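Reader: I have a structure to go through and would like to talk it over. Can we take it piece by piece?

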Amino acid sequence: MAMTQSTRTESVWLRVDGIKKGKGVLLLDPDRLACVKVRAELWFWVLTILVIGIPARRFAPDYAVLSPILGVIVGGLIGRAVDRKLAARAMARGSRRATIIPLEEITGLRTGRSAGLGDWFVTEALVVTTADGTQYTFVGRTSYVLADIAGAIARHGREVRATPLGLTVVPQA
């Protein structure tokens, strides 16, 4: 299936039943939710730190200490854009790097927040439960994706209900 214009993407860390599976890009298209393992963002961090850091040490040694910070920011922006394009292509090809969840198998959705390093870094987590009981946890900026997934499931003719713990999907009759 070719990717459509309605595809949503976000960089996340994936866990399946609590086991870390790595960094990836979360993709939502009209029929499925997927996470494709990617590494361009990490490579661009390193590359950008070197490209900025080496000249900075030579020409502006007082500011060279800022090159890792700037490298991660700039490298992250470039790398995420590259990752999203590569992930969409990999999902369309049916790559082995893609963890694909058909929307009709989703039975529950919930979000949570966790704080790290003394509440300085708050991360969002989206937990997707499937009919076989598998829990896929996507950690990253995921707060807006919940409504998009619920809407996509509803377009498939299934009812999505709010519960105290998140959303539950009513099986089709």
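**Charges, contacts and patches**

Author: D31 is partly exposed, with 31% relative accessible area. This is a predicted model.

Reader: Where does D31 lie?

Author: D31 is in the loop between β2 and β3, the latter spanning residues 32-37.

Reader: Which negative surface patch includes D31?

Author: D31 forms a negative surface patch with D17, E104, E105 and D132.

Reader: What about D17, where is its place?

Author: D17 sits in the loop between β1 (8-16) and β2. Its relative accessibility is 47%, so D17 counts as partly exposed.

Reader: What is the phi of D17?

Author: Positive, about 50 degrees, although D17 is not a glycine.

Reader: And positive charge on the surface, which residues gather there?

Author: The positive patch consists of K21, K37, R39, K85, R89, R93 and R97.

Reader: Which helix gives the largest share of the positive patch?

Author: Helix α2, residues 67-93, with 3 residues. K21 belongs to strand β2 (residues 19-28), and K21 is partly exposed at 37% relative accessible area.

Reader: Changing topic. How many salt bridges in the whole structure?

Author: A search of the whole structure gives 5 salt bridges. One of them joins R84 and E10, whose closest N and O atoms are 3.5 Å apart.

Reader: What does the R84 and E10 pair tie together?

Author: R84 is in helix α2 and E10 in strand β1, so the pair ties together parts that are 74 residues apart in sequence.

Reader: Are those two buried or exposed?

Author: R84 is partly exposed, at 28% relative accessible area. E10 is buried, at 7%.

Reader: What about E41 and K23, how do their side chains meet?

Author: In a salt bridge, with 3.3 Å from N to O. Since E41 lies in helix α1 and K23 in strand β2, the pair ties together parts 18 residues apart in sequence.

Reader: Buried or exposed, for E41 and K23?

Author: E41 is buried with a relative accessible area of 3%, and K23 is buried with 12%.

Reader: Which residues are linked with K23 and E41 in a network?

Author: R80. K23, E41 and R80 are linked in a network of salt bridges.

Reader: And which residue forms a salt bridge with D29?

Author: R32, with the closest N and O atoms 3.3 Å apart. Both D29 and R32 are buried.

Reader: Where is L66?

Author: L66 is in the loop between α1 (40-59) and α2. The relative accessible area of L66 is 45%, so L66 counts as partly exposed.

Reader: Now V127. Which strand is its place?

Author: V127 is in strand β6, residues 121-130. V127 is buried, with a relative accessible area of 8%.

Reader: What does V127 touch?

Author: Not counting residues up to four places away in sequence, V127 touches G108, L109, R110, Q135, Y136 and T137. The C-alpha atoms of V127 and R110 are separated by 5.3 Å, and these two are 17 residues apart along the chain.

Reader: And T142, in which loop is it found?

Author: T142 is in the loop between β7 (135-140) and α3 (145-155). T142 has 1% relative accessibility, so T142 counts as buried.

Reader: What is T142 in contact with?

Author: V12, E124, A125 and L126, leaving aside neighbours within four places in sequence.

Reader: Back to the whole chain. How many helices and strands?

Author: The protein chain has 3 helices and 9 strands. Along the sequence the pattern is β-β-β-α-α-β-β-β-β-α-β-β.

Reader: How much of the chain is buried?

Author: Of the 173 residues in the protein chain, 38% are buried. The chain exposes about 10500 Å², and carbon and sulfur atoms supply 60% of that.

Reader: And the contacts between residues at least 6 apart in sequence?

Author: Among those contacts in the protein chain, 53% join residues at least 24 apart.

Notes. Residues numbered from 1 in each chain as written. Predicted model: local features only at pLDDT ≥ 70, side-chain atom pairs only at ≥ 80, totals over all residues. Heavy atoms only, no water. Patch = residues over 30% accessible without salt bridge, like charges linked within 9 Å, V, L, I, M, F, W, Y side chains within 5 Å. Areas by Shrake-Rupley, 256 points an atom, 1.4 Å probe, with all protein chains shown as cover. Salt bridge = Lys/Arg side-chain N within 4 Å of Asp/Glu carboxyl O. Lys, Arg positive; Asp, Glu negative; His and termini not counted. Charge placed at Lys NZ, Arg CZ, Asp CG, Glu CD. Helix = DSSP H or I, 4+ residues; strand = E, 2+ residues; numbered from the N terminus. Buried < 20%, exposed > 50% of the residue type's maximum accessible area, 1.4 Å probe, protein only. Contact = heavy atoms within 4.5 Å.
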